[in-house]
Amino acid sequence: MPFGDTTYFFDALPSTNDYASELIAQQEVTEGTIIDTAHQTQGHGQKSRVWYSSANENITLSLILTPHWLPIESQFLLNLMASLAIVDTVAEKTGRHGQVKWPNDVYINGKKISGILIKNQLQGSRIQSSIIGIGLNVLQNEWPEEVTKATSIVRESGHEISLDETKSLLLSNLEDLYDEIKTDPNNVIERYNQLLLFKDELVQFVYQNNSQNGIIKSIDRYGRLLIEQSGDLNAFGYGEITFH
Ligand code: BT5
C-alpha cells in the first residue's frame with residue numbers, strides 16, 4: 001500500500017514517534033501508515049536530545065513499516081533508506097546534493113537539514129515493525145541558539161517551496177528506496193558510501209569513554225562505520241561511538 005494512504009494527522013502533537021509507539025502497541029497497523037503533525041511540540045532525537053520544529057514550517061512525521069522480510073542484522077538498511085530518500089528530496093528541491101552523517105543525519109553545506117530516529121520492534125529473529133521518525137527542515141529560517149548548524153530546504157534553494165509537495169516527494173522517495181533495499185541493497189550501501197560526510201577525513205570521537213581519532217573510510221555490509229586508526233581498519237556499530 002502506498003506510504004501515507006493511511007495518515008493520522010494532528011494540528012499539534014508532542015512527538016510523532018511516541019504516538020506511533022503507542023499506536024502499534026494497541027492495534028495492528030498497516031504498513032505505510034504515517035503519523036504526521038503540523039506542530040510537533042516535544043520532538044526528540046537520540047538520548048534526551050530535543051528536535052526543534054516551528055509550527056507549519058517543517059516535516060515532522062513517523063512512517064510505520066512491517067519489514068518482516070528484513071533480517072535483523074540488516075536493520076541498518078532502514079537508516080540508509082531514510083537517509084537517501086531525504087538526500088534525494090533535498091536534491092530535487094534545491095538542486096544541491098546533501099551528505100549523510102553516519103548513522104542517521106543529513107547535512108548540506110556543512111549544516112544539518114534533517115534528523116532521523118528509528119525504533120525497531122523485534123520479535124525472535126525478525127523485525128516486527130519499524131518506526132521511522134523524520135524531521136526535515138523545509139521552511140524554517142531560524143533556530144534556537146543551541147542549534148548552531150542548521151539549515152532548511154528554503155534556505156538552500158533560495159526560492160519558494162511548498163511544504164505539501166515536499167512531503168509527497170519525500171514519501172514517494174521513501175517508497176522507491178524501500179523497494180531498493182529489498183531488491184538491490186548493495187547499490188543502496190554503495191550510494192550511501194559515496195555521500196558519506198567526513199569520508200577520508202580525520203575525525204575525533206568517543207569510544208568507551210575514551211577520546212580517539214581516526215579517518216572515516218566507509219560503512220561495511222553490516223552498517224558499521226569503518227575508521228582507519230594507526231593503519232588498522234576498525235569497525236564501530238550504532239551507538240558505540242559519538243562524535244564531538
Ligand atoms: C536527531 O537526533 O537528529 C533525530 C531527530 C528526529 C526527529 C523526528 S521528528 C519526527 C519524529 N518524532 C520525534 O519525536 N522525533 C522524530 P540527534 O542525532 O540526537 O540530534 C539532535 C540534535 O540536533 C539536537 O541536540 C540539536 O543540536 C540538533 N537539532 C535539533 N533540532 C534541529 C533542527 N530542527 N535542525 C537541525 N538540527 C537540530
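The chain has five helices and twelve strands, where helices (H or I, at least four residues) and strands (E, at least two) are DSSP runs numbered from the N terminus. This is a predicted model, in which local features need pLDDT of at least 70 and side-chain atom pairs count only at pLDDT 80 or more, while totals for chains, interfaces and linings use all residues. Residues are numbered from 1 along each chain as its sequence is written, and side-chain values use heavy atoms, with hydrogens and water left out.

**Overall form**

- With 244 residues, a compact globule would have a radius of gyration near 18 Å, and the 17 Å of the chain agrees with this; the radius is taken over C-alpha atoms, and the globule rule is 2.2 Å times the number of residues to the power 0.38.
- Taken along the principal axes, the box filled by the C-alpha atoms of the chain is roughly 50 × 45 × 30 Å.
- Of the 244 residues, 50% count as buried, meaning under 20% relative accessible area, with exposed over 50% and partly exposed in between (1.4 Å probe, protein chains only).
- Among contacts in the chain (heavy atoms within 4.5 Å) with a separation of 6 or more, 62% come from residues 24 or more positions apart.

**Around the ligand**

- The ligand is surrounded by 25 residues, of which Ser15, His44, Arg49, Tyr52 and Lys112 are the closest; a residue is near a molecule or strand if one of its heavy atoms lies within 4 Å of it.
- A polar side-chain atom of serine 15 lies 2.7 Å from an oxygen atom of the ligand, and a polar side-chain atom of threonine 16 lies 3.2 Å from a nitrogen atom of the ligand.
- The protein covers 93% of the 790 Å² of accessible area that the ligand has on its own, by the Shrake-Rupley method with a 1.4 Å probe, where for residues only the protein chains shown count as cover.
- Two or more residues of the shell come from each of α1 (16-26), β6 (111-123) and β7 (126-136), and β6 gives the largest share, four residues.

**Threonine 151**

- Threonine 151 is placed in the loop between β7 and α3 (153-157), and counts as buried because its relative accessibility is 1%.
- Leaving aside neighbours within four places in sequence, threonine 151 is in contact with residues including Lys111, Lys112 and Trp143.
- The side chain of threonine 151 also makes a polar contact with the side chain of glutamate 156 (2.5 Å); a polar contact is a pair of N or O atoms within 3.5 Å, and within protein one must be able to donate a hydrogen and the other to accept it, while residues adjacent in sequence count only if both atoms are side-chain atoms.
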